[in-house]
Amino acid sequence: MHHRGDHEQGAPELLSPLQRLTSYSVAAGRIPYAAAVFTPIRARRLTLRPVTMADLEDVYAYQRRPDVCRWMLGSEPRSREQSQKSVAAMTGEDGLRVEGDVLSLAAEANGRVTGTVELVWRSRADQTAEIGYVFNPEFSGQGLATEAVGALLGWGFEEFGLHRVYGRCHAGNEASARLMTRLGMRCEARHVESYLFRGEWADRFVFAMLAREWLSRSAALAG
Ligand SMILES: CC(C)(COP(=O)(O)OP(=O)(O)OC[C@H]1O[C@@H](n2cnc3c(N)ncnc32)[C@H](O)[C@@H]1OP(=O)(O)O)[C@@H](O)C(=O)NCCC(=O)NCCS
């Protein structure tokens, strides 16, 4: 069930996503955060749904791998106990209720968790969130991560009412940069030597997409 706040009372229910976004964005202060608590999204080959402790084995299967952590800040291959803590934390990240909240979702295909995607609500005022994703290399090369991140972007723009979603990655993380490019996100910046990564200054890409870009791309892909 999507929870609709008082500020939305009286808003027409039968608008297309584009009409909805347009009507919301013209009215300053009418922030369209419709879905505080997440309900599963069905994509073509995947379902995105909240993480549960039963996902531990599937998540540990990739969190333990050095290649998965290679480009991730502060991340080392995890022990089973560390994965248990990580999964427990993710089980609490099941909705975006207040600014700063994280929505973590398991991308499930054929009964296996192939990876997780997340949306971090960075700014309520600016209707902005940051996207993140980690997938098991066992399932790579099939477009599953792209499908999952695309489904979460769609939810963020069309259901939650975001204006802008950005994603950041180490400039050496080619698979991640390719994924965001594939989804139509613009590379807005390369922040040179902007952060310390494993003791060395590293460059970071910032990719972003706006709601109107998402909608025009979705319309073009559909048509
Ligand atoms: C980033 C990450 C999710 C990308 O995984 P991935 O396997 O490249 O992504 P996908 O599952 O979307 O697969 C895309 C690949 O499948 C191919 N593909 C095959 N069928 C496809 C389809 N139907 N749709 C899209 N792509 C398809 C694509 O061409 C692409 O190939 P390429 O790598 O040669 O360009 C993965 O590398 C990862 O989890 N890394 C570790 C964690 C990490 O660094 N996260 C990001 C932190 S910023």
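Helix 5 lies across strand 1, strand 2, strand 3, strand 4 (112-123), strand 5, strand 6 and strand 8, and runs at about 160° to strand 5. Contact here requires C-beta atoms, placed from the backbone, within 7 Å; axes are lines fitted to C-alpha atoms, for helices over the stretch in contact, with angles from 0 to 180 degrees between N-to-C directions. Helices (H or I, at least four residues) and strands (E, at least two) are DSSP runs numbered from the N terminus. The model is predicted: local features need pLDDT of at least 70, side-chain atom pairs count only at pLDDT 80 or more, and totals for chains, interfaces and linings use all residues. Residue numbers start from 1 along each chain as its sequence is written.

The 8 strands form an open sheet of mixed pairing in the order 1-2-3-4-5-6-8-7, where pairing requires at least two DSSP bridges between two strands. Strand 8 (residues 200-210) is antiparallel to strand 6 (residues 164-170) over 7 bridges, with valine 165 opposite methionine 209. Strand 8 also pairs with strand 7 (residues 186-197) in the antiparallel sense, over 8 bridges; cysteine 187 has phenylalanine 207 as its bridge partner. Strands 7 and 8 form a hairpin with 2 residues between them, and arginine 198 in the turn has a positive phi of about 50°.

Strand 2 (residues 47-50) contains proline 50 and runs antiparallel to strand 3 (residues 102-109), joined to it by 4 bridges. The bridge partner of proline 50 in strand 3 is leucine 105. Proline 50 is partly exposed, because 19 other C-beta atoms lie within 10 Å, the class between buried (20 or more) and exposed (12 or fewer).

Beyond four places in sequence, alanine 148 touches Ala43, Leu46, Leu48, Ala107, Gly115, Val117 and Tyr133.

Around the ligand there are 19 residues, counted where the C-beta atom, placed from the backbone, lies within 6 Å. Ser140, Gly143, Ala145, Thr146 and Ala175 come nearest. Strand 5 (128-135), helix 5 (144-160) and helix 6 (174-182) each give two or more residues to this shell, and helix 6 gives the most, with 4 residues.

Methods. Two residues are in contact if their C-beta atoms, placed from the backbone, lie within 7 Å.
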